[in-house]
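Have the 3D view ready as you read.

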Amino acid sequence: MQAFIDGFLKFCESTGIALLFNPESYIWWQTLIMIAIACVLLYLAIVKKFEPLLLVPIAFGMLLANLPQTANIMHPEWFSDPAYFVDGQINYGRVLSEGGLLDMLYLGVKLGVYPPLIFLGIGAMTDFGPLIANPKSILLGAAAQLGVFFTFLGALFIGDMGWANFGFNEASSIGIIGGADGPTAIFVTKTLAPTLLPAIAIAAYSYMALVPIIQPPIMKALTTKKERSVVMEQLRPVSKREKILFPIFVTIVVGLIVPDAISLVGMLMLGNLFRESGVVERISKTAQNELINIITIFLGITVGATATAETFLTVETLMIVVLGLVAFSVSTAGGVLFGKIMYYCTGGKVNPLIGSAGVSAVPMAARVSQIVGQKENPGNFLLMHAMGPNVAGVIGSAVAAGVFLAMYAG
């Protein structure tokens, strides 16, 4: 009987409830705040349908990591705290021998495997025809990277003022949020500023999900009704040969100029070549469906699991969220303003609204351009025109990431 009582007491002591209020192990109010944040993100994903494919696994990973438990499925400190390193490197032997489920899956993030595979799937799902038909739209994608570099300088200023511990590495990672590209933000941050990964990943994906809310007010504030009502000419047909040669050409050019971006751009172009070549249909369908879905689950849940109370509930996190909003807003404004320049240079043939699609949120940003334009002119169809800058934005954010990595990666 005594053995049963001792066993029962041991069980009670091991429960999450007991651990939650153990001051030596947990700060209970921080844990409850993180659980609440996870539940809010789940609400936004499931009820409001804000980027559910991304926010559901991220939010659930956050929930798992912040429940008081002894299963030890995730140890974020092993990947970011030098105190756990061996000879200045992550102790992969310990991760493999003692790590939990999410530690194993997180290796795909830390080793830079998941983001390029996400790009492979995006390339297989995306039609590059609008960009090929209207090469000038690549300028809109470039202009929409303004927020990346603007916020990079802003984060450096905050670091110089001593308000946060932001150096060149941290500023680069924060700035990439302006590209509205979650995988790219993760790819840069896991190398340059791993301790900021939870905040930057959640900020990047949250702003991607909020594109339909954030962008329209900026678009309307920077354009007139006449500009928003412009009906653009139909794009020229693009031949199959052009679609096949384009990813090969882009891969060569980017590989020669920005080698550090080739992991992302190369996989993006390979996925598109699968799509357009017409000879690997099975592989193309796998990249578009099973592969990208599996990687999205692994990426989302492990990134969410790094958002523990100790790493997330900080002043720096709040600054990152604010700077991320600034980055995304400035990127949107940069694309729209360059669209206005093109509007005047072409005598009113370019609708400036398509410039907002220069951020990398494919194809949501292009849909927003279509929706805002059609509200002003029901006969306006901007979706395919906006897809050009949208695809250019994906390439542009990957190139910007490569530039930062080339400059600051150790």
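What percentage of the 410 residues of the protein chain count as buried? The share is 53%, where buried means under 20% relative accessible area with a 1.4 Å probe, protein chains only. Please keep in mind that this is a predicted model, in which local features need pLDDT of at least 70, side-chain atom pairs count only at pLDDT 80 or more, and totals for chains, interfaces and linings use all residues. Residues are numbered from 1 along each chain as its sequence is written, and side-chain values use heavy atoms, leaving out hydrogens and water.

The protein chain has 23 helices and zero strands; these are DSSP runs, with helices (H or I) of at least four residues and strands (E) of at least two, numbered from the N terminus. Here are some values for the whole chain.

| Property of the protein chain | Value |
|---|---|
| Box of the C-alpha atoms along the principal axes | roughly 85 × 45 × 40 Å |
| Accessible surface (Shrake-Rupley method, 1.4 Å probe) | about 18,500 Å² |
| Part of that surface from carbon and sulfur atoms | 68% |

Now look inside. The largest nonpolar core has 117 residues; such a core is a set of buried Ala, Val, Leu, Ile, Met, Phe, Trp, Tyr and Cys residues joined through side-chain atoms within 4.5 Å. Helix H23 (residues 383-408) gives the most to this core, with twelve residues. Leu268 is among the residues with the most contacts inside the core. Leaving aside residues up to four places away in sequence, Leu268 touches Phe119, Leu120, Ile122, Gly123, Phe128, Val394 and Ile395, a contact being heavy atoms within 4.5 Å.

How values were computed. Buried means under 20% relative accessible area, exposed over 50%, partly exposed in between (1.4 Å probe, protein chains only).
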